[in-house]
Amino acid sequence: MRAVLLSGGVDSIALTYWQRPDYAITIDYGQRAAETELAAAAHVAGLLCVRHEIIRVDCSSLGSGDMASQPASIHAPVPEWWPFRNQLLLTLAGMRATAIGVDELMLGSVASDGSHADGRPEFYAQVDSLMAMQEGAIRVTAPAVGMSTVELVQHSGAPREIIGWAHSCHTGPLACGGCRGCVKHYEVMRDLYGEPY
């Protein structure tokens, strides 16, 4: 069985629509926008008839930057950087995946995520090897890692009515309009539909 990490953002929603996994796993790890992300993910999973798993682990004291409402780390390549975030999310999702019989975890990383070390193809190759050697032999894939977000949405065939549920703000439950997540969301909607909303 397959599962996708469904954050409720454009990339993960498009990946879920495209791949139609058995499960969608959403993780509240203490990020500022968690409740809205959970609501968006739950709604999309329901629309697509994908079983939805929610994991709640408060790691907010370990966060950095916009997503954690903390000063950015000296190591941060971008304002929303959270140390070891994708590694953390994969570990937590892997723990649940072993219990429900999932053998492939998919992430919606796209080419622009290469600004983070844990958004690059080589990271996914390493973490795939690591998780595959452990009990459960879970494989990790990022099917869209070479695509832009616009290319992913177009390739997925996800309609505007599904993509419209995405929550991309890094700073809270409502779109702030100024963080990198909101700016990306605006640009993607403009490029896809000729207008931001």
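# Helix packing and charged pairs

Q: How far does the backbone oxygen of V153 lie from a polar atom of the side chain of S156?
A: The model is predicted, so local features need pLDDT of at least 70 and side-chain atom pairs count only at pLDDT 80 or more, while totals for chains, interfaces and linings use all residues. Residues are numbered from 1 along each chain as its sequence is written, and side-chain values use heavy atoms, leaving out hydrogens and water. From the backbone oxygen of V153 to a polar atom of the S156 side chain, the distance is 2.8 Å.

Q: Is S156 buried or exposed?
A: S156 lies in helix α5; helices (H or I, at least four residues) and strands (E, at least two) are DSSP runs numbered from the N terminus. Buried means under 20% relative accessible area, exposed over 50% and partly exposed in between, with a 1.4 Å probe and protein chains only. Because its relative accessibility is 9%, S156 counts as buried.

Q: Which residues is S156 in contact with, leaving aside its neighbours within four places in sequence?
A: Contact means heavy atoms within 4.5 Å. With neighbours within four places in sequence set aside, S156 is in contact with A14, Y17 and W18.

Q: How many of the 10 residues of α1 are buried?
A: The buried residues are V10, D11, S12, I13, A14, L15, T16 and Q19. Their cover includes β1, α2, β4, α5, α6 and α7. Helix α1 is mostly covered, and its count of buried residues is 8.

Q: Which residue of α7 does D11 tie to α1?
A: A salt bridge is a side-chain nitrogen of Lys or Arg within 4 Å of a carboxyl oxygen of Asp or Glu. D11, in α1, has its partner in α7, so the pair ties together parts that are 173 residues apart in sequence. In this salt bridge the closest N and O atoms are 2.7 Å apart, and the partner of D11 is K184.

Q: How far apart in sequence are the parts tied together by R96 and E53?
A: R96 and E53 meet through their side chains in a salt bridge of 2.7 Å, N to O. R96 is partly exposed at 32% relative accessible area, whereas E53 is buried at 16%. R96 lies in helix α3 and E53 in strand β3, so the distance in sequence between the parts is 43 residues.

Q: What is the angle between the planes of F123 and Y124?
A: Rings of Phe, Tyr and Trp (its six-membered ring) pair if their centres lie within 6.5 Å; planes under 30 degrees apart count as stacked, over 60 as edge-to-face and the rest as tilted. F123 is buried at 15% relative accessible area, and Y124 is buried at 4%. Their pair is edge-to-face, with 5.3 Å from centre to centre and a plane angle of 75°.

How values were computed:
Polar contact = N/O pair within 3.5 Å; in protein donor to acceptor, adjacent residues only side chain to side chain.
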